Structure formats: structure tokens, C-alpha cells
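Q: I would like to learn how to read helix packing and a sheet in a model. Please show me the case.

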Amino acid sequence: MKIVACNSNLPLAEKVAAELGLPLCNATVRRFADMEIFVEIHENVRGEDVFVIQSTCSPTNDNLMELLIMLDALRRGSARRITAVMPYFGYARQDRKSGPRTPISAKLVANILVEAGANRVLTMDLHAMQIQGFFDIPVDNLYAAPLFTRDIRGRMKIEGEPPLPYDAPPMDIPGGPHNLMIVSPDVGGVVRARQLAQRLNVDLAIIDKRRERAGVSEVMNVIGDVRGRYCILVDDIVDSGGSLCNAAEALMKHGAAAVEAYVTHGVLTGSAVSRVGQSPLGMLTLTDSIKATEAVKDAANIRQISTAALISRAMQAISDESSVSSLFD
């Protein structure tokens, strides 16, 4: 097995390599004066099982091109199998025609990845499950729910639960752990929220909202009794933060004792970090699928938990031809 890292999330790639006890492959990804991307691999990869770690986050197109050119270089270097490890899959929100004469960009990206040389894809919390069907190669979609479950249980300090291997702010729930409630910020995320609620054996609530236009949402109703409950919003992507913050405000207006959020991918564009900081959210917990900006690192109510152990175990399972689905438990 060889691990190659592009530039979008080097800290995560280094953690994954450390978990596997392997060095990162000696490779260069640089730009010419006109910003053309150039890739050079300084090791022999002929006949190797190669994993390329690259999130296609902002700058999305640059990071996607880095990945495509790296895949092409490995294919031309006669790698036996190339797995694109994409903790965050960009363009996933364009998974269907949203109107007349609009693209299905997620399908286009899938086609390009295969044409560039990817033999399989490893990703996490795809925005839409049908994207797996856009590929004619195997796609392993990991879930952040086991990480979130462990983190929440560890923060609640439930008796008999093993302590977390990292520092985490305690979760002081009035009335005890049974007063916890998982909340989906929209109807489309109910399946994801229900999975976490079932893992924690707690109740579920749903935010019913009407989206007037892209990036702007209006909360209409809260389905479920959240009065006095410690609410945790669960979502796959936080971009502008508007929907999440509006949902938190709605929950507090309906009598919630406190509100937190667990989100897999922290895109956090524009003034999102500031918006989260001024919202009722006591804490926003993200994974490190996207590298934290300085604003995120400095934010008092935003934290990250690592996906390195989960991704490294999936990579090892793929290399060993063993079960990946066992990691979903």
C-alpha cells in the first residue's frame, strides 16, 4: 500500500498515514507561473495499491484538478489499483436536475474521476446516496455517525463508557442523558438524524422549513416537543450556516434548554463562522474532512474531531479485501 497526499488537507493525510504506520509517498504537487498544476511522483508505484487523499473542498476546482492529474500520473506510472480517498466529495449537492437546462454535476465529476484513472472511491457522508450509482466502479461511503455517537457518549461521561482519547468539552444535560434529543434541520436529513438517535436511544425531532432561494431558509415549524430538552442538530454539510442557525433559534423559541450541532463537513463559506458564533449554538462539532481555516480554529464554539482512524481502517480493509461495512457499527 502507498499513500499519496494532494494539497487540500495535508494534516488529515498525515494523521491517516500515522494511523497506518506508513510514510506519505514522496510526490510533488505544484503550480507553474500561469497556475497550471504539475504533479511528479518521486517513487516507483508500478504494481502498487495506491490511495490518493484529497477533499474537493474550496477552492473546489483547483483541488479537483489536483486529484485528476494525480490519478492520471499514477495510472501512467502503472499503479495496480488507485483509490481516490475523498473525505469530502465536492459537487455532491448537484445530484439531480434542479430545473430546466441545469446539469447533474455530481455525475459529471464521477465520469471524470473514472476516466482519469480511479479504480474505486472512498468517501464519507455523501450528500445524496444515489451518487454511489453515478459510478461504474466500487464506491465505499463511510458514515460519521459512529464518531458522533462516541463523542457524545464520551462528553456525557456515561458510566461504563470508555473515556475519549482526546480533550472534549463536557456535555452537562439538565435532567440527565435521557433528556437528550436529536433534531434534523430539515425533512431531507431525517434518515441521518434517525440513525444517530437510534444509536443513542433518544427521541427525534424535525425542523420543517421553506427555502425561498439558495442559501436562504425560513424555519416554519418544529415537529416534536423540545421543551426543556438538550437538542443536537445533525447534518452532513454546513455552508453559509443560515439553515443551522435558524434551526437553533427556532428550537430555543420552542423552549429547548440548549442547542448544539454535529455536522460532518464544515464548508463554512463567507461569514458563516461569525454567524455561528452569534447564534444560540452552544457548540458546533465538525469532522476534519475539510481542513480548518484560521477562523474556525479561533472560534469559541466550533471544534473538530478526527476521521483519521475511521478512514485508515477503511483503507486497510480495502487493501486487505476485507469488509468495509463492519466499520458502520
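Q: What is the handedness of the crossing of H1 and H9?
A: A crossing is left-handed if the near helix is turned anticlockwise from the far one by less than a right angle, and right-handed if clockwise. The crossing of H1 and H9 is right-handed. Helices (H or I, at least four residues) and strands (E, at least two) are DSSP runs, numbered from the N terminus. This is a predicted model, in which local features need pLDDT of at least 70, side-chain atom pairs count only at pLDDT 80 or more, and totals for chains, interfaces and linings use all residues. Residues are numbered from 1 along each chain as its sequence is written, and side-chain values use heavy atoms, with hydrogens and water left out.

Q: At what angle do helix H1 and helix H9 pack?
A: Axes are lines fitted to C-alpha atoms, for helices over the stretch in contact, and angles run from 0 to 180 degrees between N-to-C directions. Helix H1 (residues 10–20) and helix H9 (residues 308–320) pack at about 60 degrees, and their axes are 9 Å apart.

Q: Which residues make the contact of H1 and H9?
A: Contact means heavy atoms within 4.5 Å. H1 contributes Leu12, Lys15, Val16, Glu19 and Leu20; H9 contributes Ala308, Ala309, Ile311, Ser312, Met315 and Gln316.

Q: In what order do the strands of the sheet lie?
A: Two strands pair if DSSP finds at least two bridges between them. Here 5 strands form an open sheet, ordered E1-E4-E5-E6-E7, with parallel pairing. Strand E1 (2–5) and strand E7 (139–142) are the edge strands, each pairing on one side only. The twist averages 20 degrees from one strand to the next.
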